[in-house]
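Trainee: Could we go through this one together, a piece at a time?
Mentor: Gladly; have it open beside you and ask as we go.

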Number of protein chains: 2
Amino acid sequence: MDVAGHSGAPAYQRIAATYRNKIISGELRPGDQLPTEHEITELFGVVRQTVRSGLSVLVTEGLIVARRPHGYFVRQREHMVYRPQQKSRPRPATPEMDRFSQQIVAEGRTPSQLIEVSLVQAGPELAERLQVNPGDTIVARRRVRFINGEPTNINDSHFPLDLVRDSEIMSPAYLSRGTDQVLAELGYRQDYAIDEIFVRMPTPDEIHRLNLGPGTPVATHYDTGYTAAGQAVQCTVNVLPGDRHKIVFERQWQDDPGN
Amino acid sequence: MDVAGHSGAPAYQRIAATYRNKIISGELRPGDQLPTEHEITELFGVVRQTVRSGLSVLVTEGLIVARRPHGYFVRQREHMVYRPQQKSRPRPATPEMDRFSQQIVAEGRTPSQLIEVSLVQAGPELAERLQVNPGDTIVARRRVRFINGEPTNINDSHFPLDLVRDSEIMSPAYLSRGTDQVLAELGYRQDYAIDEIFVRMPTPDEIHRLNLGPGTPVATHYDTGYTAAGQAVQCTVNVLPGDRHKIVFERQWQDDPGN
DNA sequence: GAGTGGTCTAGACCACATC
DNA sequence: ATGTGGTCTAGACCACTCT
């Protein structure tokens, strides 16, 4: 079972297991420093490369981070709550902020955004969801959201070009009433949405935009909106770093009470 | 931007970027074999350890797998659809299978399960959700679900001991009508649930139970059920390997149509 | 037996932040 | 200047599977 703990296991796995157990058991707490590579070398009687192999296991597991030139530290994580359900609830009549910003301000933190609008060719993933052909031109409204100056998630909205040509959505300015409202004004009222969540390791581009550390997986949330007639009007790709978010929603029971 | 592509980047990053780009662009397709470590050594003019560093980046990104003694191959993934919403919908009157098994059979595949029931002490995560004190004894009904003999997800249900003592839930047998129904018969009808999804790298135990490859993150889905009075009656922890699942749910709009 | 990846040793030089 | 982790070389032996 606990193969890595066996004395027959490779040395680097024993090193990883040793410090993993100390972290899980609470002996090492978030923010605590591990021994240096040099010290672990002497503790286990192996060369530095072997120590590095062991620690790299814990780095890719997201348990520790290297802070040069200080050493390795137990990682701490703080999850912001992400509620996909709330997107389909009414907003205040005259909103000054989108829902993300409202939530952050309510938590006493400072939100900011970087918005970038461009015309791109639809890849297969987006083409299928937006009911267009791969390679068709679509509008991408790319946004990185920050909390207290730290990049926190990616929110890239995509629209079929025909729907939003010459509308406000084409401007890289902040739309306080939200793109859904603009779409509704253009005659494309969103009636229902399909949410898909994938879990994977980030691409180098995502690592760069979100300033992700090694061993940080991401959730990709595809939110595809449709009119009552079933026409796709937008597909938003949210990329949520696993160490900064938890996804929350609620369900009411629909059982027959006589059951 | 594409730092790893710069000629100034470390050799192992250039190697990783080279094959990552070939995979993303489609030049290398799922199932294709990469050159051997020895061949890449000659292609880049570096020693084997450096090649291994580069390839290990792609392994931990989940893009490739090592199949000894054949070589490295581009990984292929197949996502089963996971619908947390369906848990709160009525089932057929006389179910012979749980929802998971129903779906798998409908897809023409063969489900199976390993069930294990035990009494455990609640850790802080479960204690908080089940409204008990940390260290209190709770009932854990642990289940690994298989498709065609391959482990696919973990489904561990937890109950306060007082609620289910001496009930069928304590037996490690398959309950075709579901534990929710058994709880309802005991007088604890579930009225609503809160779902929380975390994204992280798996623990060694999860790697073992689910036979996970390196670079595979997991989603942890906490499904906590409450009676109408707000009493927590169960907390189920689903562990979903990222390379085998996508999470899907739907939303109807709740806007005021006059908006 | 040949070839694959898995592990390990014993060195070396570097960039970087702190003292 | 010191000490940290980051990268790299040049070897070695091993377990495993295919032929």
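**Strands and interface**

Mentor: Let me begin with a turn: Asn148(A) takes a positive phi near 50 degrees in the hairpin of S5(A) and S6(A), which has 2 residues between the strands. This is a predicted model, in which local features need pLDDT of at least 70 and side-chain atom pairs count only at pLDDT 80 or more, while totals for chains, interfaces and linings use all residues. Residues are numbered from 1 along each chain as its sequence is written, chains are lettered from A and ligands numbered from 1 in the order in which they are written, and side-chain values use heavy atoms, with hydrogens and water left out.

Trainee: How many bridges pair S5(A) with S6(A)?

Mentor: Strand S5 (residues 137-147) and S6(A) pair in the antiparallel sense over 8 bridges, where strands are DSSP runs of E with at least two residues, helices are runs of H or I with at least four, and both are numbered from the N terminus. Two strands pair if DSSP finds at least two bridges between them. Within this pairing, Ile147(A) stands opposite Glu150(A).

Trainee: And which residue stands opposite Ile154(A)?

Mentor: That is Val239(A) in S9(A); S6(A) and strand S9 (residues 232-241) of chain A run antiparallel and are joined by 5 bridges.

Trainee: Why is S6(A) largely enclosed?

Mentor: Because 10 of the 11 residues of S6(A), which spans residues 150-160, are buried, the strand is largely enclosed by the rest of the structure. Buried means under 20% relative accessible area, exposed over 50%, and partly exposed in between (1.4 Å probe, protein chains only).

Trainee: Switching to the two chains, how many residues of each are in contact?

Mentor: On chain A 49 residues are in contact with 50 of chain B, contact being heavy atoms within 4.5 Å. About 4800 Å² is buried between the chains, 55% of it on carbon and sulfur atoms; this is the accessible area (1.4 Å probe) that two parts lose on being put together, summed over both.

Trainee: How many salt bridges are there between them?

Mentor: The count is 6, a salt bridge being a side-chain nitrogen of Lys or Arg within 4 Å of a carboxyl oxygen of Asp or Glu. One of them joins Lys246(A) to Glu196(B), with the closest N and O atoms 2.8 Å apart.

Trainee: Which strand of chain B pairs with S7(A)?

Mentor: Strand S10 (residues 245-252) of chain B pairs with S7(A) in the antiparallel sense over 6 bridges, and Glu250(B) is the bridge partner of Ile194(A).
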